[in-house]
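Notebook open, model loaded. I'm jotting down what I look up as I go.

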Amino acid sequence: ARHEAGHALMCWLGGEKPSYLTVVARGDHGGYMLRAENEGKAIYTRDEMLARIRTSLGGRAAEIVYYGDRDGISSGASGDLQNATYWAQMILCDLGMDEEFGLAVVNPHSAVGELAGEIRTAVNRILKEQMEETVRLVRENKETVDALVTELMYKNHLNEHELAHINVDKYGFVDFHALPEDPIIEKTFQK
């Protein structure tokens with residue numbers, strides 16, 4: 001549950017909204033988070049891409065914060081790391097958004113030798129920087145992760161409406177009282 005809560009936290013902090021969060025295994029996923037997609041969004045800023053990387057790394061970062069960075073990490077981050085690598089490669093190889101790597105467009109899958117090594121080094125630099133930032137943010141916001149874990153352990157999944165009820169003002173979450181009345185959800189969330 002902490003892994004998925006880490007993704008949701010980073011999604012919020014990156015300016016997006018998670019629309020579904022579950023700890024119920026499906027296929028090769030032990031759980032997953034869906035984000036509310038921005039319809040028709042085709043252009044991303046560098047900051048938005050870095051936020052996508054941090055969202056992808058949020059699960060692993062939560063594992064590190066709660067369980068340790070060596071023995072506590074799990075194989076559950078496999079697809080997350082692939083996704084984070086995709087965004088880092090886009091920044092470096094397709095969009096010329098990295099000062100050190102330059103403006104040239106390079107196909108990372110056909111690169112060999114020294115160029116392949118430079119790409120791998122640059123991708124790892126971006127991922128390491130974003131992982132450090134993600135771990136810092138998860139540590140600073142453990143109360144939100146804990147609130148998400150509590151609800152996930154109770155319900156196994158949370159939809160967009162339910163996620164909006166995890167209200168921490170500093171993230172700009174939706175105010176519980178500003179939502180349309182829903183007696184079932186209100187009863188569920190009364191403590």
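Where is the place of Glu 160? I found Glu 160 in helix H6 (residues 160-164); helices here are DSSP runs of H or I with at least four residues, strands are runs of E with at least two, and both are numbered from the N terminus.

Ground rules before I go on. This is a predicted model, with local features needing pLDDT of at least 70, side-chain atom pairs counting only at pLDDT 80 or more, and totals for chains, interfaces and linings using all residues. Residues are numbered from 1 along each chain as its sequence is written, and side-chain values use heavy atoms, with hydrogens and water left out.

**Entry: Glu 160**

I then skipped neighbours within four places in sequence and listed what Glu 160 touches: Lys 17, Pro 18, Ser 19 and Ala 36 (contact means heavy atoms within 4.5 Å). Ser 19 sits 141 residues away along the chain, yet the two C-alpha atoms are separated by 4.2 Å.

**Entry: the strands**

Pro 18 sent me to strand S1, residues 18-22. Four of the five residues in S1 are buried. S1 pairs with strand S2 (residues 32-35) in the antiparallel sense, over four bridges (I call two strands paired if DSSP finds at least two bridges between them). On that side, Pro 18 has Arg 35 of S2 as its bridge partner. S1 also pairs antiparallel with strand S3 (residues 157-159), this time over three bridges, and there Thr 22 is bridged to His 157.

**Entry: whole chain**

I counted seven helices and three strands, in the order α-β-β-α-α-α-α-β-α-α from the N terminus. Of the 191 residues, 45% are buried. Among contacts with a separation of 6 or more, 63% join residues 24 or more positions apart.

**Entry: the core**

Which residues have the most contacts inside the largest nonpolar core? They are Ile 53, Val 138 and Leu 148, in a core of 43 residues (a nonpolar core is a set of buried Ala, Val, Leu, Ile, Met, Phe, Trp, Tyr and Cys residues joined through side-chain atoms within 4.5 Å). At least two residues each come from H1, H2, H3, helix H4 (113-140) and helix H5 (142-155). H4 gives the most, with ten.

I followed Val 138, which is in H4. Val 138 is buried, with a relative accessible area of 0%. Beyond four places in sequence, its contacts are Leu 9, Met 10, Gly 58, Ala 61, Ala 62, Val 65 and Val 145. Val 65 is 73 residues away along the chain, and the C-alpha separation is 7.2 Å.

The largest pocket holds about 660 Å³ of space. Of its 26 lining residues, Glu 4, His 7, Gly 31, Tyr 32 and Asp 80 are closest to the centre. Helix H1 (2-13), S2, helix H2 (46-67) and helix H3 (78-94) each give two or more residues to the lining. By class I noted six nonpolar, 13 polar and seven charged (Ala, Val, Leu, Ile, Met, Phe, Trp, Tyr, Cys and Pro count as nonpolar, Asp, Glu, Lys and Arg as charged, the others, Gly among them, as polar).

Technical notes
Buried < 20%, exposed > 50% of the residue type's maximum accessible area, 1.4 Å probe, protein only. 1 Å grid on protein atoms, 1.4 Å probe; cavity = no way out; pocket = protein on both sides within 12 Å on 5 of 7 lines; lining within 4 Å. Points joined across faces, edges and corners; volume = space filled by probe spheres on them.
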